[in-house]
Amino acid sequence: MDIFLQQIINGVVLGSVYALVALGYTMVYGILGLINFAHGEVVMIGAMVALAVINALTGSALPGPVIVLLGLLVAMPTCMALGYGIERFAYRPLRHAPRLAPLITAIGVSIVLQNSAMIIWGRQYIPFPPLLPSKPHFIAGAVISDLQIFIVLLAALIMVGLLFLVHRTRLGRAMRATAQNAEVAGLMGVNINTIISITFVVGSALAAVAGVMVSGYYGLAHYYMGFSLGLKAFTAAVLGGIGNFGGAMLGGLLLGIIESLGAGYIGPLTGGFLGSNYQDVFAFFVLILVLVFRPSGLLGERIAERA
Amino acid sequence: MKFSHGFAFAILAATLGLPGCGKEQAPSSELVVKIGSVAPLTGPQAHLGKDNDNGARLAIDEVNATGVTIGGKKVKFELISEDDQADPKTATIVAQKLVDQKVNAVIGHLNSGATIPASKIYHDAGVVQISPSATAIPYTQQGFKNAFRVMTNDEQQGKVLGEFAVKQMAAKKIAIIDDRTAYGQGLADQFEKAAKAGGGEILAREYTTDRATDFLAILTSIKGRQPDLVFYGGMDAQGGPMVKQMRSLGLNAKFLGGDGAQSREFIKIAGADAEGVTASSPGLPLEKMPGGREFLKKFESKYGKIQIYAPYAYDAAMTLIEAMKKADSVDPAKYLPALATIQRNGVTGPIAFDAKGDVKGGAVTLYQVKGGNWVPLQTLGQEAPPAADVPPAADGKSPFSAGY
Amino acid sequence: MSRWEKLKRDPRAAWAAFILLAVLLAVLPFLTDTLLSRTWVRILDFVLLYIMLALGLNIVVGFAGLLDLGYVAFFAVGAYLYALLASPHFGIHLPFWALLPLGAGVTCIFGVLLGAPTLRLRGDYLAIVTLGFGEIIRIFLNNLNAPVNITNGPQGVNKIDPVSFGGFSLNQTHQVFGIHFSPVHNYYYLFLALTILVIFISMRMQDSRIGRAWVAVREDEVAAKAMGINTRNIKLLAFAMGASFGGVSGGLFAAFQGFISPESFTLIESIMILCMVVLGGMGNIAGVVLGVVLLVVLPEALRYIGPAEQALFGRILVDPADLRMLIFGLALILVMLFRPAGLLPSTIRKREFEAEDEAVVESETPA
């Protein structure tokens, strides 16, 4: 039984990691209806910038978590500036273009960010020094560390924060108005460009947080880390219903748990015919099944049909 | 469209600049010998690719600095680096490009998936190829006389690892993880075979990918089976976090890996949890070989820390040049027999090839992390190579026991 | 534009252009071989192969408007089908002329099977499901070496039979009328013939009832349904047709390379093919061809930055390997910024794009 519990814990933590990144995806999508494929790369840049600061400060008298916080404080504005720049130069000119045009620029931005990171920080994996507390706790035979608990709480906190921002503030109201109908919102005095820029800046700040947490948790960063992380997060966001914060959280958690249970139990379930190598198949299978029955994801509303 | 001008210029430069490239710098008495070096220089494995390229470049620079005369002419070697992106399709284009540029030999490619399709093109063109790091068995089983490798293949290394796990590490119950790449799966399969033959019991075979960072799920189910050894076929970037996560789950089984895990990065990533981890590396410890220490010093002062395969690329280049010198010709047709029968001491161990082009003997050294450094334990699987006088174990005090 | 229109209407000019084009295409590999190098002939081969692939995806994305991010799966199925039935792996050696139609047929079925569950999905949800299917197929190919060895797993399939007609193997250099035809030349002509066939089928499809039905579904599915179009069948047909083009090019890829492994069929490959279609101009055959030429040639041309830097500055300033993909990414962004509808947009799309400004803001933004 402790094995099962452990797998659930593994899944929840992994799912929270996905959710951290998925929230950024969903935020941009909710306002713009655009899959920001470069979001994973912004997460990577956040991790890299933070690590550069952290590695410079390691060995100083400061306590570990303070160093990490300092890294984050440098990474956040960097990512925010980057997010603003990406929106301003790669997406805004294409706001009225055919739907797939911004998708291609997003891919272009991804390639550029990846290769820039490669030039700046080198091709090797960059280890994250063990600065964060990872004291283990034992619950009924299963293990969970401080850091893992923190990641789960952080993801939940950010989700609540975003919900508050969007549903309880003036800015949030402007965001929702822009999402519903940008033109009318503009006529009502909402500065659409500013709102969209803010959305990207907030999303990118979240990416920086996600980047630092992910690289701190797994102990390394690499210029290529954004791609698969972004892909998983995107899957999670769609599973939950893209554009919906609760959906991103739910989708992330669900995907994490599905992957954990899939890797752990797919062998026994299929009599040893399939193994943990089919973990992703299992995850995608569940995703497809969900979408076949709920074509807009678990919590997604049935939005107006678009070509 | 600013961009299209740049593009046109690139084409122009290509057509105009290429044929004369290299030759114009050399006086007519000097013979320019082109050697291709191919590895992924972009993409997720670029750190390994650049490492290989640096290894080969160091060898070429060294030889050029001392000066070599072949066939009565002073020879200047020129290294042409290409990026195959670890993609089989790009690999064939790059291979063709090197053939067109009339290279006399190629050092590469890094992955088996790129090495095999490219080897057909080198074979058809009669260009000698030495891979510093491709381990898949089929590479040298194609009947190509011009294809070699200075790295043990999966079978050679997997066998040594499997026997070592069962005999020396006294593992009875074993769990195996591989990353589903040609390298990881090939090595893990051969390990499984050897471990089973030695009487070990395989409790679990789990899988991950070469992009994964989270292994808690498979480690948890492995923990449920209580093995006393976990073998991982894959690279350091996964192996490092894997050990950390094993320990955090309270899975205290021994950890054994192949050459992909035997790197400095592995220790850096795994931190304190790396202590006691065992991994293999083909050949002999660098500091045991003649020239090994100088190589390490020169490489680190020029390119920084070695990732994994740079010494093998260095050896591949040196072996090629040695064969050219021996045959007194840079013509692949002429120096090929000399290469096939060569016997020399490289920095990674004695180098001689068997009939297929695999490195003969296939010595593999096992290392263990002690005090944050890789310390050589034992060299196995050696069949009377030319430099057999290698002391068995190390004291761990040598400044170079840091491994690579 | 008007000159082009005039030319198009003049039958003599059309014939002249046609003959000129035919001659150019016929001597192109020899031209590139002497002017550039053999590498470029090989790159030409890949250009043709990717034109077939991209035109297949163009049916799904360009004509029918279904965003497919897992298209490479069909390429993979075609390649593996050919490889398994014409290699020592199973000891089966079926001839090329039997395998190509078989590949087209099997991938066609795959197209319908994978298309059927996605019929209700739209836009980004469709994209993620097709992406999932693409990954599922790749994972199966990568892992079906145990318990029964079907695909040989990550090690890939080697020694795949080359295309041969009777005893005439395309993998050997032949001498006809004193001209040497190397393997890359031989495959060029085979690929060219099939590419022309694929272009022809694409054009005929586009102008047929089916083609118009696809456009109708793309523009407004509900309206199309109301007009009596069986949207289910028409969508499935798009998937099936697109898949079979992918299957054929997969088979050719396997024969040409002689070795395939799952590494060639990753998600990145799907994305690159999609980029080719969108960059060139979705739904426009000429545009897709241009997109392919650009995206296959560009990364290869950028290999010469090293020599270019050398020629320009006399020394290497930035490691060319560092710059190559960076410039490629920038090029993607710039082309899209300056030509959002693609380099050669289809006429219908262009019309929409010019007239749509206000209408689109509304329909492109989600509620």
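Two strands count as paired if DSSP finds at least two bridges between them; in this predicted model, β2(B) and strand β3 (residues 73–83) of chain B pair in the antiparallel sense over three bridges. Helices (H or I, at least four residues) and strands (E, at least two) are DSSP runs, numbered from the N terminus. Residues are numbered from 1 along each chain as its sequence is written, and chains are lettered from A and ligands numbered from 1 in the order in which they are written. As the model is a prediction, local features need pLDDT of at least 70 and side-chain atom pairs count only at pLDDT 80 or more, while totals for chains, interfaces and linings use all residues.

**Confidence**

- The predictor's confidence in each residue, pLDDT, runs from 0 to 100.
- Chain A averages a pLDDT of 90, with 97% of the residues at 70 or above; over its residues 302–307 the pLDDT is below 50, and this stretch has 13 contacts beyond near neighbours in sequence.
- Chain B averages a pLDDT of 85, and 87% of its residues score at least 70.
- In chain B, pLDDT stays under 50 over residues 1–26, which have 34 contacts beyond four places in sequence, and over residues 384–404, which have 43 such contacts.
- Where pLDDT is low, the predicted coordinates should not be read in detail.

**Chain B overall**

- Chain B contains twelve helices and 15 strands.
- Of the 404 residues in chain B, 63% are buried, that is, they have 20 or more other C-beta atoms, placed from the backbone, within 10 Å of their own.
- Contacts require C-beta atoms, placed from the backbone, within 7 Å; among those in chain B between residues at least 6 apart in sequence, 70% join residues at least 24 apart.

**An open sheet in chain B**

- Six strands of chain B form an open sheet of mixed pairing, in the order β2-β3-β1-β4-β5-β6.
- β2 (68–70) and β6 (147–149) of chain B stand at the edges with a single partner strand each, so one side of each has no neighbour in the sheet.
- Neighbouring strands of this sheet are turned by 35° against each other on average, direction ignored.
- I70(B) stands opposite K73(B) in β3(B).
- Helix α3 (residues 88–100) of chain B packs on the sheet, touching β1 (30–39), β3 and β4 (105–107) of chain B, and its direction makes about 160° with that of β3(B).
- Axes are lines fitted to C-alpha atoms, for helices over the stretch in contact, and angles run from 0 to 180 degrees between N-to-C directions.

**Interface of chains A and C**

- In chain C, 47 residues are in contact with 49 residues of chain A.
- On the chain C side, the elements giving two or more residues include α6 (123–143), α8 (209–219) and α11 (267–280) of chain C.
- The residues on this side of chain C comprise 28 nonpolar, seven polar and twelve charged.
- Ala, Val, Leu, Ile, Met, Phe, Trp, Tyr, Cys and Pro count as nonpolar, Asp, Glu, Lys and Arg as charged, and the others, Gly among them, as polar.

How values were computed
A residue is buried if 20 or more other C-beta atoms lie within 10 Å of its own, exposed if 12 or fewer, and partly exposed in between; C-beta atoms are placed from the backbone. Two residues are in contact if their C-beta atoms, placed from the backbone, lie within 7 Å.
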